[in-house]
Amino acid sequence: MAELEKPSLLEKVSGNLVTEVALTSIGALAAFPLAPLLPVLSNSLANRRHKERVEKALTEINETLRKHETTLRDLSDSQFKIINEAILTILQTTEDAKIEYLKDVIRSNVENERVPISFASQVSRILRDISAEELRFLIENSRYSTIVFDLEAVGENELKVEANSEQGAIVTGLISMGVIIWASSGWDSVGRYKF
């Protein structure tokens with residue numbers, strides 16, 4: 001019978017809690033990759049707040065992932081992609097609300113999401129680019145069937161948005177990401193969009 005190989009030093013160290021905490025800290029520091037090149041910016045209060053924010057988020061994500069350790073072994077490629085992209089996005093995010101949304105994405109993805117890999121790629125792009133304000137807009141207004149720009153006649157289930165307003169800017173950003181699209185292809189849909 002062949003003798004099992006002893007774990008390498010790397011394997012022993014990588015399973016250590018102290019190493020995991022250190023890697024979390026390195027991940028938080030990596031959130032601002034230009035820090036060595038821009039010492040003035042890296043010494044700013046905003047950078048310190050960002051490091052703390054990211055460190056806290058990574059620690060919470062690590063706890064979530066530990067709770068689902070057995071599930072993680074069977075992750076699909078799409079689940080892995082979305083979780084990985086959400087973590088990478090957290091490293092670059094300064095909005096607390098967006099970090100909370102991203103942690104929810106990770107949690108729900110581990111627990112019950114099963115999406116095709118092509119959809120995972122789209123979701124990943126949206127996660128990187130969307131702001132917390134745009135996410136909030138989607139959550140609060142997805143009950144409407146149509147979004148209408150500056151039209152006089154607005155139906156009961158339509159959300160009227162002024163083009164030159166804050167909401168208009170949010171909708172325009174969501175259109176550019178492909179989250180909001182034309183309501184239909186005819187001339188009658190000019191100024192009308194849907195989720």
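Predicted model: local features only at pLDDT ≥ 70, side-chain atom pairs only at ≥ 80, totals over all residues.

Student: How many helices and strands does the protein have?

Tutor: The protein has 10 helices and 4 strands. Helices are DSSP runs of H or I with at least four residues, and strands are runs of E with at least two, numbered from the N terminus. Along the sequence the pattern reads α-α-α-α-α-α-α-α-α-β-β-α-β-β.

Student: Why are helix 7 and helix 9 called oblique to each other?

Tutor: Helix 7 (residues 96–112) and helix 9 (residues 132–141) pack at an angle of about 60°, with axes 8 Å apart. Angles under 35 degrees count as roughly parallel, over 145 as roughly antiparallel, 65 to 115 as roughly perpendicular and the rest as oblique. Helix 7 and helix 9 are therefore oblique. Their contact (heavy atoms within 4.5 Å) involves Ala97, Lys98 and Tyr101 of helix 7 with Ala132, Leu135, Arg136 and Ile139 of helix 9.

Student: What makes arginine 53 buried?

Tutor: Arginine 53, in helix 4 (residues 45–67), has a relative accessible area of 17%. Buried means under 20% relative accessible area, exposed over 50% and partly exposed in between, with a 1.4 Å probe and protein chains only; arginine 53 is therefore buried. Leaving aside residues up to four places away in sequence, arginine 53 touches Thr93, Thr94, Asp96 and Ile99.

Student: How do you know that glutamate 158 is buried?

Tutor: Glutamate 158 lies in strand 2 (residues 158–161). Its relative accessible area is 17%, so glutamate 158 is buried. Glutamate 158 and arginine 192 are 34 residues apart in sequence, and their C-alpha atoms are 9.1 Å apart in space.

Student: What share of the protein is buried?

Tutor: Buried residues make up 34% of the 195 residues.

Student: How do the lining residues of the largest pocket divide into nonpolar, polar and charged?

Tutor: The lining divides into 13 nonpolar, 2 polar and 1 charged. Ala, Val, Leu, Ile, Met, Phe, Trp, Tyr, Cys and Pro count as nonpolar, Asp, Glu, Lys and Arg as charged, and the others, Gly among them, as polar.

Terms used:
Residues numbered from 1 in each chain as written. Heavy atoms only, no water. Axes fitted to C-alpha atoms, helices over the stretch in contact; angles between N-to-C directions.
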